[in-house]
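Here are a few notes to read alongside the structure. Have it open in a viewer and look up each residue as you go.

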Amino acid sequence: MAHDHDHTDDHAHDDEEDVALIEEGTTPAADAAPAKKGPEQTWRTYAPVIISLVLLLGGIALDHFANSGPTGTPERLGWFKDPIRFVWYVIAYLPVGWPVLVRAWKGIVSGNVFTEFFLMGVATLGAFGIREYPEGVAVMLFYTIGELFQDAAVLRARRSIKALLDVRPDEVTVLRNGQAQTVKAASVAIGDFVQVKPGEKVGLDGTMRSDSGSFDTAALTGESVPRTIQKGEAILAGMINRQSLVEMDVTTLYQDSKLSRILKLVQQATGRKAQTQEFIARFARIYTPAICGLALLITIVPYFFVADYQFRDWLYRGLVFLVIGCPCALVISIPLGYFGGIGAGSKQGILFKGSVFLDLMTQLNVVVMDKTGTLTKGVFKVQEVKPIGIDTPELARLAAALESKSTHPVATAIMDYARAQGGKGEQGYESISVDGVEEIAGHGLKGRVDGKEMLAGNSKLLKKFGVSFDEALTQIPYTIVMTALNGQFAGYFTIADELKPDAAAAVKRLKQDGIRTVMLSGDKSAVVDIVAKQVGVDEWHGDLLPEDKVAQVERLKATYTTNAKKKLAFVGDGVNDAPVVALADVGIAMGGLGSDATIETADVIIQNDEPAKIATAVEIGRATRRIVWQNITLSLIVKAIVLILGAGGLATMWEAVFADVGVAMLAILNAVRIQNMKF
């Protein structure tokens with residue numbers, strides 16, 4: 001087993017290597033097994049440890065039994081002594097020690113001398129030099145076991161992120177010349193015609209060609225309820241077809257699909273390190289040479305002050321000090337803790353683009369949210385219908401028939417409402433004759449519906465055609481569609497965006513975490529007022545252009561993030577939110593399948609469109625930071641105690657092994673604990 005990741009100076013490069021390792025599914029160690037091991041790979045991984053452990057235990061047994069009892073008795077065989085004893089322990093040492101010595105030598109040659117491999121090499125070779133063979137083998141054996149333990153922990157932490165890669169099918173069924181062909185998804189061109197069978201994953205982004213279909217989007221957004229997609233609507237790679245065979249037109253190349261872009265962002269997540277990680281990397285560069293220097297002083301300085309100085313005894317103390325001082329627990333568990341936080345986030349549908357943002361989430365003082373698409377669904381819905389001289393279902397049918405000639409979101413809301421009223425077949429708006437439709441820009445629609453002259457639009461449209469109505473209606477804050485039949489006012493529809501179910505709970509959780517909540521929107525101030533009171537934000541502003549949002553965020557940063565420990569986050573989903581997402585200390589994209597520009601700019605992506613996940617992201621950040629600092633404290637306290645004992649000759653190599661490998665294992669167990677936490 002070769003350990004290809006250095007936990008001191010070399011560790012600075014580990015996170016970048018992880019990007020490739022996620023794709024390959026391998027552990028950080030060069031010979032550590034991939035996610036799916038065959039019997040041969042498993043044996044290659046664990047054989048060195050097994051061989052060394054068996055030989056070490058055999059050697060200890062022979063030390064005890066072969067050399068016990070009075071001289072000349074059968075109990076004292078007397079044959080297990082040097083050089084046989086030396087050769088036995090060398091054979092036990094090499095399977096686990098040789099790879100570490102090679103790494104130490106490579107470090108020395110490259111100018112990176114003071115690595116953990118150097119510490120382990122000097123300490124164990126020194127133990128052999130003073131004929132403490134079992135202890136030399138034990139130190140290297142338990143160090144290697146700790147490395148294997150770490151590899152397993154990293155694999156576990158990585159699994160939830162790597163699972164995203166399995167969402168993309170490699171092959172799709174393309175219809176060419178009327179024939180269905182199974183081809184590589186990466187070879188499909190834009191405009192190709194693809195079939196998706198029931199239970200099959202969608203391999204590419206496209207638009208629905210069939211009338212409708214039901215899709216499971218849990219892998220993308222975490223939503224448990226299947227989503228119905230109508231003809232002409234977008235289908236995204238990673239969705240699963242739940243019902244009948246559907247057909248779609250490909251709109252994006254495989255490597256450019258939204259899912260592929262998100263996966264690339266996730267793979268780069270370990271590249272941006274938290275301040276704690278950077279501190280530990282700098283700390284290790286100073287700490288490791290200091291430990292080597294102190295070990296040397298412990299060995300040599302007593303010669304000048306101790307009357308009965310024994311070089312062997314003081315060298316042993318120096319070697320013990322080296323083993324205890326190895327910074328494994330710190331440099332293993334801290335990056336692993338952050339990686340576990342990123343993994344825990346991905347399980348919740350929250351993608352952190354780097355461990356630095358886990359730290360920043362713990363420092364949030366203000367969360368600024370866009371209204372549409374963040375706290376509201378971003379989908380227009382009829383809130384109220386007030387008919388005059390006609391019943392509601394009939395007005396809905398006539399208005400929907402006219403609006404069916406428009407592609408405006410308001411028109412879609414009225415058509416959805418008419419369908420919900422039970423209008424199907426001969427009762428549906430589709431059966432009504434519509435002709436002479438004219439769209440008057442900025443006003444609305446005019447046309448002949450079921451033989452009647454009909455108007456549907458804003459107050460300006462009715463005034464243009466001389467239709468009288470109650471002027472008080474213009475004060476309604478929501479979007480209002482007024483109608484007229486044959487020159488007479490026929491009633492109106494109020495249309496508004498719908499609040500997300502967890503919007504108010506999300507704001508409440510953030511406030512409980514001591515975070516100020518602000519809502520910014522380009523919508524009318526009267527509408528923003530209503531939504532703000534419904535969700536309970538601390539501050540809100542409406543009628544904002546994109547540049548106004550930037551000005552507001554700059555003002556809030558100047559007011560509330562007055563020191564380095566206070567940060568501001570902006571949550572948005574639209575293209576117009578990209579500038580403020582970039583300006584914020586933490587930019588959060590609401591909906592991992594939203595605007596490409598916002599996804600690229602954001603630091604954190606919430607895939608399932610739930611505002612409550614903002615608070616969850618804060619909680620994951622705080623839990624990660626808590627675990628990281630627990631590991632730092634545990635490592636430093638235990639090492640300080642055992643270092644003092646070692647320097648005083650009260651700790652042996654066995655205590656040193658516990659202080660190094662034992663504490664590292666405890667820290668790793670603590671780091672992976674975040675994977676099982678409930679958020």
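**Notes on the model**

1. Let's start with a facing pair: valine 481 sits opposite phenylalanine 493, which belongs to S17. Keep in mind that this is a predicted model. The strands to look at here are S16 (residues 479–485) and S17 (residues 488–499), which pair in the antiparallel sense over 7 bridges.

2. Which residues of H17 are buried? They are Lys549, Gln552, Val553 and Leu556. These four cover an arc of only 100° around the axis, so they are on the same side of H17.

3. In soluble globular proteins, nonpolar side chains tend to be buried together. The largest nonpolar core here has 52 residues, and Met120, Leu322 and Met653 touch the most other members. At least two residues each come from H2 (39–65), H3 (84–109), H4 (116–129), H5 (133–162), H8, H9 (311–325), H20 (612–647) and H21 (653–672). Which helix gives the most to this core? That's H9, with 9 residues.

4. Have a closer look at leucine 322. Leaving aside its neighbours within four places in sequence, leucine 322 is in contact with Leu119, Val122, Ala123, Ile291, Cys292 and Ala295. There's also a second, separate core of 43 residues, and its members include Leu510, Ile515, Val531 and Val586.

5. Last stop: leucine 297, in helix H8 (residues 275–300). Is leucine 297 partly exposed or buried? With a relative accessible area of 49%, leucine 297 counts as partly exposed, because exposed means over 50% and buried means under 20%. Leucine 297 and tryptophan 314 are 17 residues apart in sequence, and their C-alpha atoms are 9.7 Å apart in space.

Terms used: Residues numbered from 1 in each chain as written. Predicted model: local features only at pLDDT ≥ 70, side-chain atom pairs only at ≥ 80, totals over all residues. Heavy atoms only, no water. Buried < 20%, exposed > 50% of the residue type's maximum accessible area, 1.4 Å probe, protein only. Arc of directions from axis to C-beta. Pairing = 2+ DSSP bridges. Core = buried A, V, L, I, M, F, W, Y, C linked by side-chain atoms within 4.5 Å. Contact = heavy atoms within 4.5 Å.
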